Amino acid sequence: MSEKFDVIVVGAGPAGTSCAYTCAKNGLKVLQIERGEYPGCKNVMGGVLYRQQMEEIIPEFWKEAPLERPVIEQRFWMMDKESAVTFGYKGLEWGMEPYNNFTVLRAPFDQWFAKKGVEQGVLLVNETVVLECIVENGKVVGVRTDRPDGEVYADVVVLADGVNSLLGKQLGFHKEFRPDEVALTVMEVINLSKDKINDRFNLEENQGCTIEIFGDSTKGNLGTAFIYTNKESINIGVGTTLSSMIKAKLKPYDLLDYLKTHPMVRPLMEGGESLEYLAHLIPEGGYHSVPKVAGNGVLLVGDAAQLVNAIHREGSNMAMKSGKMAAEAIIDAKKRNDFSESSLNKYREALYDSFIMKDLEKYKDAAHVFEHYPQYFNEYVPMINRAASKFFTVDGTSKKDKQKQIMRSITGERGRLKVIQDMYRAWKAVK
């Protein structure tokens with residue numbers, strides 16, 4: 001570690017490894033530092049991996065990566081206490097190459113991905129904590145670790161150290177995030193046989209399903225729950241913003257237990273064996289919370305740059321894309337031997353020109369709207385369920401009369417003007 005590197009990447013998640021892999025593949029000398037025993041060792045989370053961004057880095061990765069199931073169905077539930085209005089899409093084309101997305105268990109996937117980086121020439125050092133960036137004359141020139149003689153130098157340092165990036169804070173790139181900018185998600189892995197999963201989720205061999213749940217899954221607070229099918233396990237989780245959790249005095253694991261015992265969810269989990277728990281912070285602030293991402297000799301990627309689309313639950317694809325774009329900016333800077341902020345700003349320009357910032361800008365006000373107007377979750381979701389129940393109950397009332405009764409019920413509860421205002425406000429937030 002006494003030698004100088006072209007690039008030091010702090011963190012071995014999807015963003016960090018995407019950057020390290022791309023840099024090493026293009027001939028740069030790369031050091032990747034991971035604080036855990038191995039990449040993904042503290043991440044039992046199961047999640048969704050999107051194919052497009054990963055394939056840009058490793059073509060046809062699905063032929064060797066440790067994936068769980070290709071997702072052929074995405075369901076959405078608007079859930080009340082004893083009912084759920086459901087919609088979604090199931091497409092068999094998603095079960096054929098090149099696929100759309102996959103369920104994954106992050107621990108084995110992160111290990112595999114980091115190993116692919118090592119095969120390209122990345123020097124991966126585990127069980128090492130980066131204490132601070134070394135700054136000389138206003139430029140980041142390396143990092144100081146907790147190892148003896150632990151100072152390491154490089155032309156560029158890439159911070160991929162997660163949502164609560166301490167190194168980013170030390171550099172003044174961002175301040176402490178507000179409670180409404182971060183969500184706390186609790187997740188559990190539940191072992192269940194492949195046959196039971198296929199039967200309960202109406203799947204066949206090598207088919208996966210995801211379910212996103214709104215409403216009573218968070219007891220009417222801003223947030224979502226999810227269920228993902230793995231080969232022989234289920235990932236179930238629920239998350240709300242810290243501000244909602246504080247306001248409603250919710251305990252995260254109580255919320256997960258409530259979800260698991262909900263009558264709409266319980267039959268899917270029945271007979272399963274709990275394997276692991278995890279609590280995880282997720283950036284939810286969106287466009288307005290993205291910090292400065294480029295400086296003299298330093299870049300921020302992935303969760304450290306707050307790159308998560310909370311509306312569509314996209315994070316890993318944004319992480320990998322940002323890591324790849326950061327690597328491309330570094331490769332270009334290396335050709336010119338210029339690692340100044342103005343040179344590395346090509347990463348920022350590419351980021352803001354990509355789907356990442358375009359999508360975050362599209363939904364820039366959504367989190368604020370749904371946080372400050374809780375009726376969308378605690379009033380309208382139950383209303384939708386009552387309306388569906390009334391409409392589909394055969395009781396001798398004509399469908400035309402039922403529609404009139406439903407509209408009177410909705411406008412009677414909120415008032416016609418308030419309903420119009422709420423619908424317009426929601427439309428503006430997501431249009």
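Trainee: Is D155 buried, partly exposed or exposed?

Mentor: This is a predicted model. Buried means under 20% relative accessible area. D155 has a relative accessible area of 10%. So D155 is buried.

Trainee: Which side chain meets that of D155 in a salt bridge, at 3.0 Å from N to O?

Mentor: A salt bridge needs a side-chain nitrogen of Lys or Arg within 4 Å of a carboxyl oxygen of Asp or Glu. Here the N to O distance is 3.0 Å. The partner of D155 is K4.

Trainee: How many residues apart in sequence are the parts that this pair ties together?

Mentor: K4 lies in strand β1, residues 4-10. D155 lies in strand β10, residues 151-159. The pair therefore ties together parts whose separation in sequence is 151 residues.

Trainee: Which residues are linked with K4 and D155 in a network of salt bridges?

Mentor: The network holds K4 and D155. It also links two further names: D6 and K334.

Trainee: Where does E132 lie, the salt-bridge partner of R144?

Mentor: The side chains of R144 and E132 meet at 2.4 Å, N to O. R144 sits in strand β9, residues 139-145.

Trainee: How many disulfides does the structure hold?

Mentor: A disulfide needs two cysteine sulfur atoms within 2.5 Å. For C19, the nearest cysteine sulfur is that of C23, 4.2 Å away. C19 is in no disulfide. For the structure, the count of disulfides is 0.

Methods:
Residues are numbered from 1 along each chain as its sequence is written. This is a predicted model: local features need pLDDT of at least 70, side-chain atom pairs count only at pLDDT 80 or more; totals for chains, interfaces and linings use all residues. Side-chain values use heavy atoms; hydrogens and water are left out. Helices (H or I, at least four residues) and strands (E, at least two) are DSSP runs, numbered from the N terminus. Buried means under 20% relative accessible area, exposed over 50%, partly exposed in between (1.4 Å probe, protein chains only).
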